[in-house]
Each structure stands twice: as C-alpha cells, then as structure tokens.
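Let's take a friendly walk through a protein and what it holds. Have a look at the picture, then read on.

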Amino acid sequence: MQPAVIAPSILSANFARLGEEVDAVLMAGADWVHFDVMDNHYVPNLTIGPLVCEALRGYGVTAPIDVHLMIQPVDRIVPDFARAGATYITFHPEASGHVDRTIQLIRENGCRPGLVFNPATPLSWLDYTLESIDLVLLMSVNPGFGGQKFIGSALGKLAEARRRIDASGRSVRLEIDGGVKVDNIGAIARAGADTFVAGSAIFGSDDYAATVATMRREIAGESGQ
Ligand code: DX5
Ligand code: ZN
C-alpha cells in the first residue's frame with residue numbers, strides 16, 4: 001500500500017483568508033489540497049473555479065491540488081483547471097457523456113485523472129476505466145456540502161475497490177471523501193483507503209497539527225499508545 005495521504009478539503013476553510021488557511025494545513029502536516037468544485041447544477045451548491053486554483057499557485061502553494069469536479073458538463077473546464085495548476089482532476093461518471101474521452105482529456109492536459117463514486121454509484125464503472133486512471137474516489141456522503149455524516153456502506157465498498165485496484169497491479173490511489181473524522185479514520189484505513197479527505201474535521205478543529213497527527217496515528221493503527 002502507498003503511504004497515507006491526508007487531503008484537507010478547503011470547502012471548510014475560511015475563504016476570506018484562503019491562502020493562509022492552505023499554508024496552515026500544509027504546515028500542520030497535510031499532504032494535498034482537496035479542492036471542491038460545485039456548480040449549482042450537478043450538485044445544489046456553488047463554490048470555486050480555476051481562478052481560485054490559479055490564485056493559490058500564484059500565492060506559492062506547491063503541494064498537489066486535488067480538484068474534485070462536481071459539475072456538469074465536465075470537459076469544457078478541464079483545460080482551464082490544468083492551466084490553473086491542478087494536479088489531480090476527478091469527476092463523476094454520471095456527469096460526463098463520454099467517460100473514457102474525459103479521462104483522456106485530463107491526461108492529455110498533463111493532469112492525473114480519477115473517477116468519483118457517489119454512495120449509490122456502482123463500482124462497475126471501473127470495469128473498463130481502471131487501467132487508465134490514477135485515483136478512485138469514493139464518496140461517503142452525497143456530494144454538495146461539508147459537515148455531513150459518514151455513510152457506513154462506504155466501508156464495504158472501499159474493501160471491494162481495494163480488491164479491484166490490487167488485482168489490477170497498477171498504482172492507483174483509493175481516496176475517501178465525506179464525514180471522515182479522527183474517530184472513524186482508522187476503520188476507513190483498515191477498509192482499504194490510502195488517501196483521506198477531511199474538511200470540517202480539520203478546519204473545524206482548534207489545532208490543525210494535532211488533528212492531522214492524531215489522524216496519522218489512527219491510520220497507522222497506533223491509537224491509545
Ligand atoms: C462534499 C465534498 C467534500 C467535503 C467534505 O461534497 O466533496 O470534500 O468538503 O467535508 P467533510 O469532511 O466535512 O465531510
Ligand atoms: Zn470533495
């Protein structure tokens with residue numbers, strides 16, 4: 001298994017001082033920046049676009065930026081995010097008319113493609129795509145808002161996704177997004193996730209570094225030591 005990655009979702013950051021917030025979580029030991037893009041169409045909320053991604057790069061953020069597109073259509077905006085400095089670009093297969101084409105488009109634009117699975121989206125979308133993506137993102141809430149409760153069926157789904165990834169022999173990250181907290185991240189890691197999005201659990205805490213460190217101990221199975 002690849003080393004664990006902690007990716008704070010900036011959806012729960014203070015947007016009035018976003019650059020400082022991103023610096024603070026990275027200084028606190030986080031690995032990636034999880035960047036939630038919502039369009040008030042595919043999901044009932046509206047957030048940030050390529051200009052904000054570009055602004056973070058201009059501000060000096062060098063960590064990988066993990067762009068989670070909750071938008072429809074998908075393809076038009078992909079080159080804009082690539083130019084804006086995205087590292088990973090993930091999208092929901094239901095939101096794209098041509099999933100394989102979108103994956104290729106992300107790759108051709110120099111980014112790493114990933115597919116996102118809503119709680120009720122079957123993993124069969126991986127049947128003909130796993131060989132061409134770098135990341136599988138399982139939603140453990142319905143997309144659209146931070147601060148929701150973790151949906152337990154995601155644990156069995158993680159185990160099945162882990163089996164598929166290991167059987168493929170490829171180096172593909174398995175990411176979980178939604179309701180990830182200090183007290184469930186250990187079980188999520190044991191179910192097979194290696195990449196952990198956490199929004200409210202990190203940005204809502206008083207001490208980002210302590211929260212990230214506790215999460216790492218739980219992922220490593222060292223709780224209570
Ligand atoms: C939900 C977003 C998540 C969200 C997670 O649609 O994709 O990334 O910010 O927030 P928490 O960790 O608070 O559930
Ligand atoms: Zn997300």
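## The zinc site

Keep in mind that this is a predicted model. Four residues supply protein donors to the zinc ion (ligand 2): His34 through NE2, Asp36 through OD, His68 through ND1 and Asp177 through OD, at 2.1 to 2.3 Å from the ion. Along the chain, the donors are spaced as H-x1-D-x31-H-x108-D. That brings distant parts of the chain together: His34 sits in strand E2 (residues 33-38) and Asp177 in strand E7 (residues 173-177), 143 residues apart.

What is the geometry of the zinc ion site? It is octahedral, with 6 donor atoms and angles of 69 to 169° among them. As for the surface, both His34 and Asp177 are buried.

## Around ligand 1

Now for the other ligand. Ligand 1 is surrounded by 20 residues, and the closest are Ser9, Gly144, Asp177, Gly199 and Ser200.

Some polar atoms pair up here too. An oxygen atom of ligand 1 lies 2.7 Å from a side-chain N or O atom of Asp177, and Asp36 has a polar side-chain atom 2.8 Å from an oxygen atom of ligand 1.

## The nonpolar cores

In soluble globular proteins, nonpolar side chains tend to be buried together. Here, the largest nonpolar core has 68 residues, and Ile10, Phe35, Leu69, Phe81, Val136 and Ile176 have the most contacts inside it.

How values were computed. Residues are numbered from 1 along each chain as its sequence is written. Chains are lettered from A and ligands numbered from 1 in the order in which they are written. This is a predicted model: local features need pLDDT of at least 70, side-chain atom pairs count only at pLDDT 80 or more; totals for chains, interfaces and linings use all residues. Side-chain values use heavy atoms; hydrogens and water are left out. Donors are N, O and S atoms within 2.8 Å of the metal (3.2 Å for Na, K and Ca); water is not among the atoms, so sites may look incomplete. Four donors count as tetrahedral if all angles lie between 85 and 135 degrees; four count as square planar and six as octahedral if opposite donors are over 155 degrees apart and all others between 65 and 115; anything else is irregular. Helices (H or I, at least four residues) and strands (E, at least two) are DSSP runs, numbered from the N terminus. Buried means under 20% relative accessible area, exposed over 50%, partly exposed in between (1.4 Å probe, protein chains only). A nonpolar core is a set of buried Ala, Val, Leu, Ile, Met, Phe, Trp, Tyr and Cys residues joined through side-chain atoms within 4.5 Å. A residue is near a molecule or strand if one of its heavy atoms lies within 4 Å of it. A polar contact is a pair of N or O atoms within 3.5 Å; within protein, one must be able to donate a hydrogen and the other to accept it, and residues adjacent in sequence count only if both atoms are side-chain atoms.
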